Amino acid sequence: MRLVLIGAPGSGKGTQAKFLIEKYNIPQISTGDLLRAAVAAKTPLGRQAKAVMDAGQLVPNDIVIGMIRERIMRPDAENGFILDGYPRNLEQAEALDNLLTSLGRPIDAVLQINVDFDLLMQRMVGRLTCLSCGALFNSFTNPPAIDSQCDQCGGTLHHRSDDNEETIDRRLRVYETHAQHVSNYYSNKGNLHVIDGQGTVDDIKKRIKSALRGLRSSRIKLQPAPAQPAATPANAQPEVIRTQIAESLKPTPKRKKREAAAIKPEVKKRPKKAETAAKAKYLHQLKAMQDELKSVRKELTLLVRTEKKLTREVAKSEAELAKLTQQQAEL
Ligand code: AP5
């Protein structure tokens with residue numbers, strides 16, 4: 001099953017992904033978690049991403065798309081995955097479709113979790129995440145039994161650095177800029193399920209379950225796993241099914257092309273020329289991130305200056321007013 005969870009920051013994508021992992025036995029792929037892992041590992045990408053994430057902005061598409069492509073190609077995602085926090089804009093949605101179409105593994109359902117913005121601030125300001133097992137708590141709505149300690153594994157609970165009011169506000173505004181486009185994109189494709197994200201975690205889980213009821217992964221028809229027919233005794237299959245399986249395993253030109261495309265990123269890494277191109281692309285992405293940061297800093301400096309100017313003007317007006325009041329009293 002290939003599922004996509006979209007929704008505002010704090011809408012409960014990560015919380016609901018946890019139950020979907022168990023239900024379908026597929027991995028959760030969270031771009032936020034992948035980026036935070038790069039930050040924790042202090043890789044060059046992580047160092048750049050941290051500044052962008054702390055500013056509440058989106059990490060450039062090229063980086064995130066590359067990251068998702070690499071993650072989806074790993075063997076544990078072969079039978080499906082839950083994308084959490086990806087795609088965030090139209091370009092990411094189209095890139096995902098292109099990749100999955102080339103693999104013959106389309107998205108089965110997109111779940112959009114809707115929550116009023118007023119509730120989101122409290123959810124994120126109170127969020128606590130276990131550094132060991134990833135369990136989620138909330139100091140207001142779902143506090144741990146012991147402060148800063150995970151109820152499930154005893155690990156340390158951590159408060160995300162981007163979960164402060166100022167950054168949350170910016171993240172919500174960034175979300176608003178792109179949300180409708182992404183929602184319309186999937187609605188037009190006919191696989192969007194809008195879920196009311198208000199209520200208890202269990203209420204929402206039930207709504208998701210009901211939206212997914214009866215849904216089957218479309219990949220079964222496109223790419224049957226090669227191991228299955230071999231493991232099944234030939235005489236246990238009706239003739240017609242055996243023929244279909246044999247047919248579906250034939251290396252048709254289309255399938256060959258698809259498989260070649262699927263292993264392309266691995267092969268691409270080896271030649272020197274490609275490495276140079278990748279390095280240049282990476283430097284280009286770094287530069288784009290630096291430029292974006294520069295413009296955010298510039299904007300902040302301007303705001304601070306304006307605030308100072310306004311404060312001075314207010315002080316001046318207050319002094320003049322006091323002077324006039326005094327003159328009036330003297331008269
Ligand atoms: P990311 O980590 O994806 O953050 P997000 O989108 O802001 O989403 P959250 O993880 O904050 O919320 P959630 O919906 O998972 O809520 P949760 O279940 O935890 O991204 C972080 C940053 O990385 C981005 O700002 C960006 O910079 C970058 N990034 C990531 N993906 C990117 C991409 N594709 N492109 C570019 N940049 C990207 O729940 C929140 C809290 O609420 C928890 O405490 C939980 O316990 C509580 N809660 C959940 N459900 C309920 C409920 N029903 N009732 C009460 N409390 C609840």
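Modeller: The model is a predicted one. Around the ligand there are 34 residues, and those that come nearest are Thr15, Gln57, Arg88, Arg127 and Arg171. By type, the residues of this shell divide into 12 nonpolar, 14 polar and eight charged.

Several secondary-structure elements contribute to the shell. Helix H1 (13-24), helix H2 (31-40), strand E6 (136-138) and helix H8 (201-212) each supply at least two of its residues. The largest share, four residues, comes from H2. In terms of domains, at least three residues of the shell are drawn from domain 1 (2-117 + 163-212), and at least three from domain 2 (127-162).

Individual atoms may now be considered. A polar side-chain atom of threonine 31 lies 2.8 Å from a nitrogen atom of the ligand. The backbone takes part as well: a polar backbone atom of valine 59 is 3.1 Å from a nitrogen atom of the ligand, and a polar backbone atom of glycine 199 is 3.0 Å from a nitrogen atom of the ligand. Taken alone, the ligand exposes 1000 Å², of which the protein buries 95%.

Glutamate 292, found in helix H13 (residues 272-330), touches Gln57 and Leu58. In sequence, glutamate 292 and glutamine 57 are 235 residues apart, yet their C-alpha atoms are 9.1 Å apart in space. Glutamate 292 has a relative accessible area of 27%, and is therefore partly exposed.

Definitions and conventions: Residues are numbered from 1 along each chain as its sequence is written. This is a predicted model: local features need pLDDT of at least 70, side-chain atom pairs count only at pLDDT 80 or more; totals for chains, interfaces and linings use all residues. Side-chain values use heavy atoms; hydrogens and water are left out. A residue is near a molecule or strand if one of its heavy atoms lies within 4 Å of it. A polar contact is a pair of N or O atoms within 3.5 Å; within protein, one must be able to donate a hydrogen and the other to accept it, and residues adjacent in sequence count only if both atoms are side-chain atoms. Accessible areas come from the Shrake-Rupley method with a 1.4 Å probe; for residues, only the protein chains shown count as cover. Ala, Val, Leu, Ile, Met, Phe, Trp, Tyr, Cys and Pro count as nonpolar, Asp, Glu, Lys and Arg as charged, and the others, Gly among them, as polar. Domain bounds come from an automatic or database domain assignment. Buried means under 20% relative accessible area, exposed over 50%, partly exposed in between (1.4 Å probe, protein chains only). Contact means heavy atoms within 4.5 Å. Lists of a residue's contacts leave out its neighbours within four places in sequence.
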